[in-house]
Amino acid sequence: MASQKTPAKVKVSFNQALGMIGPYVRSKVLEQVKSVSLIVAYLVLFQLAVLNIPIANAVVVALGIGVVIIGLAFFMEGLFLGLMPLGETCGIRLPQKTVLPVILGFAFILGLGATFAEPAIGVLKAAGASVRAWDAPLLFLLLNKYSNYLVWSVGIGVGVAVLFGMLRFLYSWSLKPFIYTLYAVGGGVSIWAYFEPNMLYLTGLAWDCGGVTTGPVTVPLVLALGIGISRVASQGSEGGAGGFGVVTLASAFPILAVMGLGLVFLDQVPKPMSQVEFSSPANREKARFLFADEAELTNYVLKSGSREARLAFFGGNETALDDHVARIAGDEGAQVAAFGSSAAFERWLLSSGSPEQRVRVYGSEQQVREKLRALGIAKPAEIDAAELLARNTVASLQAIVPLSLFLLLVLVLVLRERIRRADEIALGIVFSVIGMVLFNIGIELGLSRLGGEIGTNLPTSFKAVEMSQQRELIRNFDQEVVIKAITPEGEVEGFFHRKTEEGYESLPYRPHNYDPDTGQYSFTPLRGPLFDGFFGILIVVFFGFMMGYGATLAEPALNALGATVEELTVGTFKKSLLMQAVAIGVGVGISFGVLKIIYGWPLIWMVVPPYLVLVVMTVISSEDFVNIGWDSAGVTTGPVTVPLVLAMGLGISSQVGSVEGFGILALASVWPILAVLTVGLYVTAKRKAQLAEAAQAA
Amino acid sequence: METIKTAQITCTLYRSFTAKALAALKELGVREYQIQASRAVVLRRKTGVLGIGAGIGLEEQPADKIYFQVKVTEAERALQGLSAACALHVPGHGSVFSEEVGIVEGSFWEVGELTPLAGAERIAVQENLASITCTVQRGRGNNLVKAVLNLGMPMPQVTAGDGTGLRDKLGLIRVAMPTAKDVVHAVVAGHEATDIFGALIDAGRLDHFGAGFIYCSPLDRGVLNNMVIRGQRHSASIEQIIAAVDDMKGSAEWRKRSLEGGERGVRKRRYIEGQVNLILICNEGRANDLVQAAMAAGAIGSTISRLSHARTDGASSPVSPAREISELIIGVENVESIRAALQEAGVFNRETAGFIALKPVSLAFTHQRG
């Protein structure tokens with residue numbers, strides 16, 4: 001065994017250490033300030049200057065954004081210090097020291113494990129909470145009862161993708177045939193799904209799953225592994241950048257996996273139908289399949305259905321329905337099981353229950369009126385700092401530690417390698433965890449809140465929107481104060497005057513906002529449309545573009561990819577060029593996504609044409625650019641973009657009455673590829689022209 | 001210490017010519033080679049739009065550096081073969097040059113007899129060349145590249161590496177010191193080497209603490225890419241004219257000119273002399289340990305870069321395709337002790353499959369105290 005002498009260590013004083021750490025921290029933080037500043041400035045300016053709506057909880061939002069910056073700095077440094085060197089060492093040593101089945105097994109487990117670690121699937125599930133069981137039954141099934149199957153299918157998809165990715169490097173297969181095959185199959189199934197209502201709604205989720213699987217932990221690991229294996233497996237044909245392309249596969253295979261999962265359950269779920277039909281006994285068996293048991297189905301119809309649907313569930317028997325409600329009212333356990341808490345049941349009863357049900361539960365109309373008065377306006381939830389920290393710490397540990405341990409174990413036990421610079425790697429893992437905790441907390445406190453506010457307020461650009469966060473209750477409302485006015489069309493409308501601190505203001509009177517039982521008038525101010533007709537929609541589309549552009553520049557996985565591309569190409573493909581091309585592509589994609597939600601265009605119309613163009617561009621592009629371009633699409637939709645885009649999508653879709661808001665992420669994944677391949681074709685053509693010029697000159 | 005005198009051939013060219021070069025190597029009978037990614041830089045004349053944006057800027061292109069060893073007597077054959085295959089006499093394709101190195105016994109390497117390429121025309125070769133290599137912090141390489149090009153030296157190349165040295169003697173605080181380096185390689189006429197050396201020190205402010213390290217080594221002969229600037233305005237480019245005159249004169253001596261900072265620079269600065277370049281190539285992941293061992297034996301530090309190794313015959317070998325190279329500039333008096341330290345650290349075991357070569361260094365410079 002070789003013995004090793006090491007040079008004598010140099011002691012560094014405290015002041016010297018500070019002198020080194022200061023500039024180091026400053027440069028890392030400034031880098032992230034530059035990444036995040038555009039999206040933050042844009043969102044704030046848009047809300048204040050265009051929508052003219054003050055930012056609620058501005059201090060919390062500002063704090064959250066600051067925490068995002070610090071978190072990103074830690075996380076990126078941790079990636080390059082710890083996770084990526086681990087992945088690369090595994091990649092280099094695996095082909096040298098083990099056999100093919102071991103390499104493939106490792107790749108599969110890594111892909112599967114990375115999926116379970118990634119928090120992005122949970123974000124999709126949360127977004128799916130607004131999907132109604134009768135509107136999109138198959139989608140509802142996979143986001144609720146069988147959500148574990150969904151995660152497993154995505155995980156298996158990613159595992160298979162990483163496995164094929166490693167095979168590609170080992171046997172020098174081109175990425176192009178994979179792209180043609182996978183997207184042809186995916187596109188074909190999506191086109192067929194257009195004609196099958198249940199599968200139609202699942203298509204958006206499937207393509208979005210492909211976009212969110214490759215997150216800030218998976219991408220650097222898979223990239224580093226690919227680079228390592230590629231270096232060992234290379235035939236020495238060139239000194240260039242190998243190792244890209246796995247992210248592309250990890251975005252494509254999950255699409256097929258989710259569509260396949262949908263096909264398995266397709267015949268067992270009911271077709272989309274009205275909620276009354278869904279609730280009726282005739283469809284009970286298939287409706288029951290969407291839930292764990294009969295009780296869960298009953299609770300769901302009760303909680304989410306209209307009065308007609310609830311009645312239909314009980315076969316039109318109002319007494320049976322009232323008896324059921326009364327049973328729940330008398331059993332706290334049943335209230336928790338059905339509504340989550342007793343308070344939630346009470347809120348439901350007072351807002352959605354029939355007068356007879358309310359009287360039966362509370363005893364008298366007087367009691368009901370007391371309860372209604374006490375209901376009031378829901379106070380905004382206070383921030384529970386300890387819960388926030390605990391939840392995000394657990395999520396970050398879950399995302400990073402198991403994968404790191406897995407790599408370390410493989411390195412030490414299977415490959416029998418000494419871990420070089422173990423202290424740096426350990427520090428890197430710690431930085432990654434700290435960074436991810438801070439980053440996620442900051443996203444929740446800062447960017448998501450900001451995005452959610454803008455998502456709710458954005459539709460004011462093109463239509464009148466009720467500002468529910470500004471809802472007020474006027475107590476002891478006397479209808480005598482209502483004055484009649486006539487519109488130019490001859491319609492009679494009511495209004496009344498209200499005294500404020502500044503003087504008196506006129507407010508419209510809507511009879512349905514007055515509750516005679518409590519004597520209260522609930523007033524929700526309307527805002528918008530701020531801009532006329534199509535111009536208002538253009539504003540929203542432009543907003544979508546800028547948000548996509550700015551959010552992309554802040555994505556950590558794209559930063560890591562860009563840095564790696566620049567490193568491997570020795571600076572000939574600059575990180576900034578790649579990021580700008582991708583950001584513009586994402587902006588364009590999100591603009592189209594916004595139009596899709598506003599006008600209700602089927603996703604298939606918007607996804608298939610760009611992919612057809614992509615296929616042609618892939619054929620004529622060089623292998624290097626194809627690998628980098630398709631990979632860059634896989635990393636765009638990450639923890640910065642996804643919450644903002646989903647918040648915006650939900651805000652718009654809730655105002656325009658869309659069934660679901662999925663699909664924007666899929667569009668945000670296809671356009672960046674077009675952008676990068678276009679850059680690639682331009683650069684290649686320029687180089688060829690230069691060489692031709694030199695040859696001609698000779 | 002036993003060393004075997006061989007010729008090391010280095011070919012630097014745009015990536016679009018790499019496949020041709022590798023095919024030529026196979027045809028020549030070269031058994032194994034190393035290849036390293038780099039970027040080649042030239043000046044570019046920009047016309048701008050209506051005069052806006054016109055000027056001269058840098059143009060970067062992906063390139064490769066290919067290294068292999070041949071017998072000293074075969075060097076000319078290798079040069080001619082590669083030059084003919086890639087038309088290296090055409091400005092803008094690349095360069096190839098040879099230098100004498102001494103390979104330390106025990107190194108993992110192979111060399112065979114070369115076969116001349118059939119039908120290849122003879123290309124004029126320049127003699128009396130020198131290579132200048134400079135290591136600076138990542139991102140500062142282009143300052144030096146600009147200086148090289150502005151001095152009329154053709155197509156410098158930049159490779160990437162990670163520095164070792166003081167950083168490895170620190171504890172965990174070392175993470176605050178960036179390791180990423182740009183390594184700038186330029187080939188110059190031998191008679192101008194000292195002057196250009198001084199000019200580059202000024203351009204890169206290498207006399208400042210931590211700014212970098214620069215050294216110069218003699219080369220034997222080569223075919224140089226004369227491309228300095230793209231976008232010619234005349235029917236013949238300046239590079240064509242230079243190439244034609246070089247051919248007529250038989251060397252580049254006629255291009256001698258006066259450069260600022262030449263002799264004055266020599267008087268002003270203390271150059272480090274009596275150094276030798278210990279080239280260490282090993283399987284990836286081992287270089288750091290070996291450099292540490294060398295530093296314990298007296299080396300100051302090194303920059304470690306990645307390269308790939310390949311065999312033209314596809315035969316298996318303990319030499320991994322993933323390799324690392326580090327060039328240690330050490331005093332002649334330390335060569336034996338460092339070689340022994342490397343041997344003790346396992347440089348020649350199968351896991352490392354190390355290769356050590358020595359070549360002379362005519363000048364070196366870095367910031368020195370006092």
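## Strand pairing in chain A

In this predicted model, strand β4 of chain A, which spans residues 492-499, pairs with β5(A) in the antiparallel sense over 6 bridges. One bridge that can be picked out by residue is that of Lys499(A), whose partner in β5(A) is Tyr504(A).

These two strands belong to an open sheet of 3 strands in chain A, where the order is β3-β4-β5 and the pairing is antiparallel. The edges are formed by β3 (483-486) and β5 (504-509) of chain A, each of which pairs on one side only. On average, and with direction ignored, neighbouring strands of this sheet are turned by 40° against each other.

## Extent of the interface

The size of an interface is often given as the accessible area lost when the parts come together. For chain A and chain B, the area buried between them is about 4600 Å², with 51% of it on carbon and sulfur atoms. The contact draws on 50 residues from chain A and 63 residues from chain B.

## Polar and charged pairs

Between chain A and chain B there are 8 salt bridges; a salt bridge also joins the side chains of Glu424(A) and Arg174(B), at 2.7 Å from N to O. Polar contacts across this interface involve 16 residue pairs, with both residues at pLDDT 80 or more.

On the side of chain A that touches chain B, the elements giving two or more residues are α1 (14-50), α2 (58-97), α9 (218-233), α21 (422-457), α23 (556-568) and α28 (664-697) of chain A. By class, this side of chain A comprises 20 nonpolar, 13 polar and 17 charged residues.

Key
Residues are numbered from 1 along each chain as its sequence is written. Chains are lettered from A and ligands numbered from 1 in the order in which they are written. This is a predicted model: local features need pLDDT of at least 70, side-chain atom pairs count only at pLDDT 80 or more; totals for chains, interfaces and linings use all residues. Side-chain values use heavy atoms; hydrogens and water are left out. Contact means heavy atoms within 4.5 Å. Buried area is the accessible area (1.4 Å probe) that two parts lose on being put together, summed over both. A salt bridge is a side-chain nitrogen of Lys or Arg within 4 Å of a carboxyl oxygen of Asp or Glu. A polar contact is a pair of N or O atoms within 3.5 Å; within protein, one must be able to donate a hydrogen and the other to accept it, and residues adjacent in sequence count only if both atoms are side-chain atoms. Helices (H or I, at least four residues) and strands (E, at least two) are DSSP runs, numbered from the N terminus. Ala, Val, Leu, Ile, Met, Phe, Trp, Tyr, Cys and Pro count as nonpolar, Asp, Glu, Lys and Arg as charged, and the others, Gly among them, as polar. Two strands pair if DSSP finds at least two bridges between them. Axes are lines fitted to C-alpha atoms, for helices over the stretch in contact, and angles run from 0 to 180 degrees between N-to-C directions.
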